[in-house]
Amino acid sequence: MKFEDSEFFNSIKHYKLQMPFGKFYLCEKFFISELNEGIHFDWNMIETVMAELISFYGKDAQLGYIPNRVNSYSVNPNHWNKVDKEFNMIIASAIVIYNHMTLMNATLEKRFFKKSLKRCDSLTQAITWISNIKELKSERVF
């Protein structure tokens with residue numbers, strides 16, 4: 001389910017960032033990505049998004065990340081470590097999976113991400129889990 005079609009769209013304060021390769025919803029303590037069908041989310045795209053995140057949240061922000069994989073796309077799993085090393089903003093991730101292929105990709109990515117990464121069956125599960133990460137739990141986000 002897309003974020004805009006979810007129960008959270010009207011209840012969680014967010015800023016929608018529309019990029020040529022996907023949509024990003026910047027919430028108070030986490031952000032959600034919904035990348036376009038068939039793209040390869042490469043390092044240049046990642047740097048563009050990270051620059052927007054720094055501009056919005058500040059360079060010292062600590063955020064949860066929810067890749068809502070409503071579309072099929074590819075990403076280099078090694079980029080998890082590179083993002084962590086260069087930006088150190090993402091403290092945990094909850095990947096929303098919709099089929100066996102996204103489950104397999106998320107399982108592979110879990111091996112590369114050195115922080116907490118949960119594979120979720122729904123956007124509701126992902127938002128609930130990321131909202132309860134102790135580092136983000138200073139106040140309720142929905």
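Q: Two strands pair if DSSP finds at least two bridges between them. With that settled, which residue in E2 is the bridge partner of Tyr15?
A: Leu26 is the E2 bridge partner of Tyr15. Keep in mind that this is a predicted model.

Q: Noted. How many bridges join E1 to E2?
A: There are 6 bridges between strand E1, residues 14–19, and E2. The two strands run antiparallel. Another bridge partner pair across them is His14 with Cys27 of E2.

Q: Is strand E2 mostly covered or mostly open?
A: Strand E2, residues 22–27, is mostly covered. Of its 6 residues, 5 are buried.

Q: Which residues have the most contacts inside the largest nonpolar core?
A: Phe24 is one of them, along with Phe21, Phe31, Phe41, Leu53, Tyr57 and Met89. That core has 30 residues.

Q: Which elements each supply at least two residues of this core?
A: The strands on that list are E1, E2, E3, E5 and E7 (90–96), and the helices are H1 and H2. H1 gives the most to this core, with 7 residues.

Q: What lies apart from it?
A: Another core, of 19 residues. Among them are Ile12, Leu123, Ala126 and Ile127.

Q: Switching to voids. How many cavities of 30 Å³ or more are there?
A: The count is 2 cavities. About 210 Å³ of space lies in the largest cavity. The second largest cavity has a volume of about 30 Å³.

Q: Start with the largest cavity. Which lining residues lie nearest its centre?
A: Phe41, Ile46, Tyr65, Trp80 and Val83. The lining has 18 residues.

Q: Which elements give two or more residues to that lining?
A: Strand E3 (30–35), helix H1 (43–57), strand E5 (63–67) and helix H2 (79–87) do. H1 gives the most to the lining of the largest cavity, with 4 residues.

Q: How does the lining of the largest cavity split by class?
A: The lining has 15 nonpolar residues, 1 polar and 2 charged.

Q: Now the second largest cavity. What lines it?
A: Trp80, Val83, Asp84, Ile90 and Phe113. H2 gives the most to this lining, with 3 residues. By class there are 4 nonpolar, no polar and 1 charged residues in the lining of the second largest cavity.

Q: What about the largest pocket? How much space lies in it?
A: About 170 Å³. The largest pocket is lined by 13 residues. Those nearest its centre are Arg69, Tyr73, Ser74, Asn105 and Glu109.

Q: Which elements give two or more residues to the pocket lining?
A: Strand E6 (74–75) and helix H3 (100–112). H3 gives the most to the lining of the largest pocket, with 5 residues.

Q: One last residue. Where does Leu108 lie?
A: Leu108 lies in helix H3.

Q: Why does Leu108 count as partly exposed?
A: Because its relative accessibility is 40%. Buried needs under 20%, and exposed needs over 50%.

Q: How far apart are Leu108 and Pro77 in space?
A: They are 7.3 Å apart, C-alpha to C-alpha. In sequence, Leu108 and Pro77 are 31 residues apart.

Technical notes. Residues numbered from 1 in each chain as written. Predicted model: local features only at pLDDT ≥ 70, side-chain atom pairs only at ≥ 80, totals over all residues. Heavy atoms only, no water. 1 Å grid on protein atoms, 1.4 Å probe; cavity = no way out; pocket = protein on both sides within 12 Å on 5 of 7 lines; lining within 4 Å. Points joined across faces, edges and corners; volume = space filled by probe spheres on them. Nonpolar A, V, L, I, M, F, W, Y, C, P; charged D, E, K, R; others polar. Buried < 20%, exposed > 50% of the residue type's maximum accessible area, 1.4 Å probe, protein only. Core = buried A, V, L, I, M, F, W, Y, C linked by side-chain atoms within 4.5 Å.
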